[in-house]
Number of protein chains: 2
Amino acid sequence: MKRIDPEWNHFHNINEDDNDFPTDLKYTIRLYKKNELIYRQGDLCDALNILMSGSVKTEMITESGNLMGIEIIKAPRPLAPAFLFSDNNRFPVDVTSLEEVEILRIPKDEVIRLMTSRPDFMQQFLTHNANRTQFLTNRLQLLSIKTIKGKIAHFLLEQANEEGKTFTLNRNQTELADFFGVARPSLARSLSEMVQEGLISIKNKEYTVLNAKGLRELLV
Amino acid sequence: MKRIDPEWNHFHNINEDDNDFPTDLKYTIRLYKKNELIYRQGDLCDALNILMSGSVKTEMITESGNLMGIEIIKAPRPLAPAFLFSDNNRFPVDVTSLEEVEILRIPKDEVIRLMTSRPDFMQQFLTHNANRTQFLTNRLQLLSIKTIKGKIAHFLLEQANEEGKTFTLNRNQTELADFFGVARPSLARSLSEMVQEGLISIKNKEYTVLNAKGLRELLV
DNA sequence: TTCAAAGTGTAACATTTGTTACACCTGAGA
DNA sequence: TCTCAGGTGTAACAAATGTTACACTTTGAA
């Protein structure tokens, strides 16, 4: 079985080709051509939608850390699984196909039945939701820090296990600035100030926390 | 049965006094005195903790919209239910009792068993998580808008169903500024500029959207 | 090695927001 | 009615961040 994105394996596990696929599961598969409007903002979300192949464009928040704006989702992934069970179960944004798209649609009742009959699926579903909540909480913490230095401190303290330990970031300044939601030169300025203040040291993409206590004071 | 906060009813439903309380459920109830450290940041979270009575202090993000900082949680509410099923199932913050506290503790295995055996409980659990995710997503959207005018626009467009319709806010400027995470005079300045620009009108606490299209352009 | 593209450091200036301070208004009680 | 506390409008200034521009460095491929 193809395994692309570890986080979404459990949804990819639901696959017609799978021997384990429940034979009595009620579901539909819908195909969309390129540039079709799949869901409109405000549409009722009464089924679990799993993007099986292709890619779509939405404006939701994603695991990658991007906010709002246009967002591209690639198969295999569920579409807005958080909205299936919420009280206000309506799509928050438009969903449009970017290419030929295949969507597996399992009605809410069936999802519930599937979960009660297959504890492993239920646990995977729960884990997914839990991970997403945790991600959102983290992201929210980061964004709620007002100053750029504070964001940097939060991020570096999370990365560095120990004071004085050196670690390599696989993001460049531009990506880091996007992640923080700030302008690139502003990030560079803050970084160089923090180096001057002796809080951290940077050599290429190798970062070292020199003064963890000082960093913590920036978190406000 | 006491029903304090509608969102948490389903957890309050699990109550020893309840006729419906499952007789074979394995659980423990722990009592804490005032100012005891209940959980420490990094502690393993392998059970569903429900605060049955009393109140505790934490630093998590809450439904009320407050970010980080010290947060007070009053019974009945679960403590960090999102972390029970997440891959990184550790408490993100310290939890300390503010008064005498009673905590119902259901092991993870038992929670799973309870959910499979009682679909209504499962659905309530799912709905709670879904609502929380939706809340966090909303909050994140708001925070990811950089300008104060943008935040105001986002908020007012959400409140106003129609252009030209007048509605009353039950928050004063100070509360609104806290909600947006900005300084009060800055909010007032932005509001009065938006009134001057003809986007909205304000009379006491009655707000009217005059130019919805113009507001949408502020969302960037 | 050479060269172009991407990444980085930094400066000058513009813009936005925060801070502080104070005057005014409004409404609930004495 | 008076009074006072909370809420609001606004101004002057400070601080942080964004914008634009450009030179330098690193990297990777020809």
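Helices (H or I, at least four residues) and strands (E, at least two) are taken here as DSSP runs, numbered from the N terminus. The model is a predicted one, so local features need pLDDT of at least 70 and side-chain atom pairs count only at pLDDT 80 or more, while totals for chains, interfaces and linings use all residues. Residues are numbered from 1 along each chain as its sequence is written, chains are lettered from A and ligands numbered from 1 in the order in which they are written, and side-chain values use heavy atoms, with hydrogens and water left out.

A look at the backbone comes first. Most residues other than glycine have a negative phi, and most peptide bonds are trans. In chain B, the bond from B:A75 to B:P76 is cis, with omega near -5 degrees. B:P76 sits in the loop between β5 (71-74) and β6 (77-79) of chain B. Chain A has a cis peptide bond too, joining A:A75 and A:P76 with omega at about -5 degrees, and A:P76 lies in the loop between β5 (71-74) and β6 (77-79) of that chain.

Then there are the positive phi values. B:A80, in the loop between β6 and β7 (95-97) of chain B, has phi near 50 degrees although this residue is not a glycine. B:N204, also not a glycine, has phi near 55 degrees and belongs to the loop between β10 (200-203) and β11 (206-209) of chain B. Buried means under 20% relative accessible area and exposed over 50%, with partly exposed in between (1.4 Å probe, protein chains only). B:A80, at 8% relative accessibility, therefore counts as buried, whereas B:N204 is exposed at 74%.

Next come the two chains together. With copies superposed by least squares on the C-alpha atoms of residues with pLDDT of at least 70 in both, chain B can be laid on chain A with an RMSD of 0.1 Å by a turn of 180 degrees and a shift of 0.1 Å along the axis. That is the relation of a two-fold axis. Contact means heavy atoms within 4.5 Å, and 94% of the contact residues of chain B recur in chain A, so to speak the same surface serving both copies. Within chain B, B:T116 comes closest to the rotation axis, at 2.3 Å (C-alpha).

Helix packing follows. Axes are lines fitted to C-alpha atoms, for helices over the stretch in contact, with angles running from 0 to 180 degrees between N-to-C directions. In chain A, the axes of α4 (residues 148-159) and α5 (residues 173-180) come within 11 Å and cross at roughly 105 degrees. That makes α4(A) roughly perpendicular to α5(A), a label for angles of 65 to 115 degrees (under 35 is roughly parallel, over 145 roughly antiparallel, and the rest oblique). Here A:K151, A:I152 and A:F155 of α4(A) meet A:L176, A:F179 and A:F180 of α5(A).

Two strands pair if DSSP finds at least two bridges between them. Four strands form an open sheet in the order β2-β7-β4-β5, with antiparallel pairing. β2 (37-39) and β5 of chain A stand at the edges with a single partner strand each, so one side of each is left without a neighbour in the sheet. The twist averages 35 degrees from one strand to the next. Inside this chain, β4 (residues 55-58) and β7 (residues 95-97) pair over two bridges in the antiparallel sense, and A:V56 stands opposite A:S97 in β7(A).
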